[in-house]
Amino acid sequence: PNLSIINGYGPTETTICSALYVVKSYNIKEKRLAPIGKPVTNTQIYIVDSFMQPVPIGVIGELCIAGDGLARGYLNKEELTATKFV
């Protein structure tokens, strides 16, 4: 059978899936890592530095997600919400 494996990435602060990537057979055969993929509709993904500025491709940074699927904060955890949601 012709099967596809889809990597659906989404942290708990967003909906079930914020980004999708169709895993290629070489990822599996060669034990390569699968990227998180591209953002789903109405979602934006940014990699930023400690000053919340975008970093160039290939530079390590923090993953930030924005868009319709993002939660408004943590339930009954105002202090944590203030530090994690900008």
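## Tyr74 and the aromatic pair

Tyr74 is partly exposed, with a relative accessible area of 24%; on this scale, buried means under 20% relative accessible area, exposed over 50%, and partly exposed in between, with a 1.4 Å probe and protein chains only. This is a predicted model, in which local features need pLDDT of at least 70 and side-chain atom pairs count only at pLDDT 80 or more, while totals for chains, interfaces and linings use all residues. Residues are numbered from 1 along each chain as its sequence is written, and side-chain values use heavy atoms, with hydrogens and water left out.

The structure holds one aromatic pair. Its members are Tyr74 and Phe85, in an edge-to-face arrangement with 5.3 Å centre to centre and 80 degrees between the planes. Tyr74 lies in the loop between strand S5 (62-67) and helix H2 (78-84), and Phe85 in the segment after H2, so the pair ties together parts that are eleven residues apart in sequence. Phe85 is buried, at a relative accessible area of 17%. Rings of Phe, Tyr and Trp (its six-membered ring) pair if their centres lie within 6.5 Å; planes under 30 degrees apart count as stacked, over 60 as edge-to-face and the rest as tilted.

## Fold and overall dimensions

The chain contains two helices and five strands, in the order β-β-α-β-β-β-α along the sequence. Helices (H or I, at least four residues) and strands (E, at least two) are DSSP runs, numbered from the N terminus.

The radius of gyration of the chain is 15 Å, whereas a compact globule of 86 residues would have a value near 12 Å. This radius is taken over C-alpha atoms, and the globule rule is 2.2 Å times the number of residues to the power 0.38. Along its principal axes, the C-alpha trace spans about 50 × 30 × 20 Å.

## Burial, surface and charge

Of the 86 residues, 15% count as buried. The chain exposes about 7,100 Å², of which carbon and sulfur atoms supply 59%; accessible areas come from the Shrake-Rupley method with a 1.4 Å probe, and for residues only the protein chains shown count as cover.

The chain has 8 positive and 7 negative charges, and their mean positions are 14 Å apart. Lys and Arg count as positive and Asp and Glu as negative, while His and the chain ends are not counted. The place of a charge is taken as NZ of Lys, CZ of Arg, CG of Asp or CD of Glu.

Ile5 belongs to strand S1 (residues 5-9) and is partly exposed at 46% relative accessibility. Leaving aside neighbours within four places in sequence, Ile5 is in contact with Tyr21, Val22, Val23 and Ile28, where contact means heavy atoms within 4.5 Å. Among the contacts in the chain with a separation of 6 or more, 24% are between residues 24 or more positions apart.

Ser25 is in helix H1 (residues 25-29) and is partly exposed, with a relative accessible area of 44%. The C-alpha atoms of Ile5 and Ser25, 20 residues apart along the chain, are separated by 9.0 Å. For Ser25 and Leu70, 45 residues apart along the chain, the C-alpha separation is 31 Å.

## Positive phi angles in loops

Met52, although not a glycine, has a positive phi of about 65 degrees. Met52 is located in the loop between strand S4 (43-48) and S5 and is partly exposed at 38% relative accessibility.

Asn76 is likewise not a glycine and has a positive phi of about 60 degrees. Asn76 lies in the loop between S5 and H2 and is exposed, with a relative accessible area of 63%.
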